[in-house]
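Have the model open as you read.

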Amino acid sequence: MGHWFYRNIVEPGKLPMFLALVSFVLTFLLTRVITRLIRAGKGPFRNVNPGGLHIHHVVPGVVLTVIGGFGAAGSGQYGVAPAVCAVIFGIGVGLVLDEFALILHLDDVYWTEQGRQSVEVVVLAAALALLVLSGSSPLGVDGLSADERQNRATLLLTVAANFLFVLIALVKGKARLGLLGVFIPFVALVGAVRLARPGSLWARRFYRNRPKARARSSLRAARHDKRWERPRRAFQDLIGGAPDEPARPADRELP
């Protein structure tokens, strides 16, 4: 195990990336444990409210991300400094993305239904970072042989085709498939050839005068969401905690 780690992580200069990924995942998990304890009123942890102002952990996260990012950019791949900066950067990113939904909505939606978006973004970011760490090249370039890489026409054609698949998948409203398709071209191709999701740019542009296509798109999206809604919510609740129940409007008194 030690030989494999040195040969595949340390020697190629991937140790900072590995440390950043590990610190990012651990920070997110630890943060979720602490926030769930605060929510339940257990343990010694409490919200930070100096002067009545609630300081969200995205604030120190931004600071650590800036420090670690600039430090890592100027310290190379080897040595103690890049490793320390990578850990600082990973901790900062973990704190920031844990409150991604707050940044997106500009509101404290941490324990609401919208707050689930933070968990989705963290899982996706960790998956992409793991693909980079494993040596996957963007847009399928790693699938080319040495001779094909030297052939400029083949290289450019491969990159252009895979980039087109990714772009179409994103325009069709399939963000997860599009982002994963940056490193796994076949995934982007699946998103590119299938029907667009309702409300996407592709659907609004090309399904405007095609009622059958709109109906098929809506039906397929509804079936897909229904099939994956329960396992997706269970996974998100396991990692991030179940959101608060929406407040019910007070019953109005009859005159």
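## Arg 116 and Asp 237

Asp 237 is partly exposed, at 24% relative accessible area, while Arg 116 counts as buried at 7%. (Buried is under 20%, exposed is over 50% and partly exposed is in between, using a 1.4 Å probe and protein chains only.) Their side chains meet in a salt bridge, 3.0 Å from N to O. That pair ties together distant parts of the chain: Arg 116 sits in helix α6 and Asp 237 in helix α12, 121 residues apart.

A salt bridge here is a side-chain nitrogen of Lys or Arg within 4 Å of a carboxyl oxygen of Asp or Glu. This is a predicted model, so local features need pLDDT of at least 70 and side-chain atom pairs count only at 80 or more, while totals for chains, interfaces and linings use all residues. Residues are numbered from 1 along each chain as its sequence is written, and side-chain values use heavy atoms, leaving out hydrogens and water.

Glu 229 and Arg 233 form one, with the closest N and O atoms 3.3 Å apart; both lie in helix α12, four residues apart, or about one turn. There's also a salt-bridge network, with Arg 116, Glu 229, Arg 233 and Asp 237 among its members.

## Helix α2

Helices are DSSP runs of H or I, at least four residues, numbered from the N terminus. Buried residues of α2, including Phe 24 and Phe 28, pack against α4, α6 and α12. After α2 comes Gly 41, with a positive phi near 70°.

Terms used: Helix = DSSP H or I, 4+ residues; strand = E, 2+ residues; numbered from the N terminus. Contact = heavy atoms within 4.5 Å.
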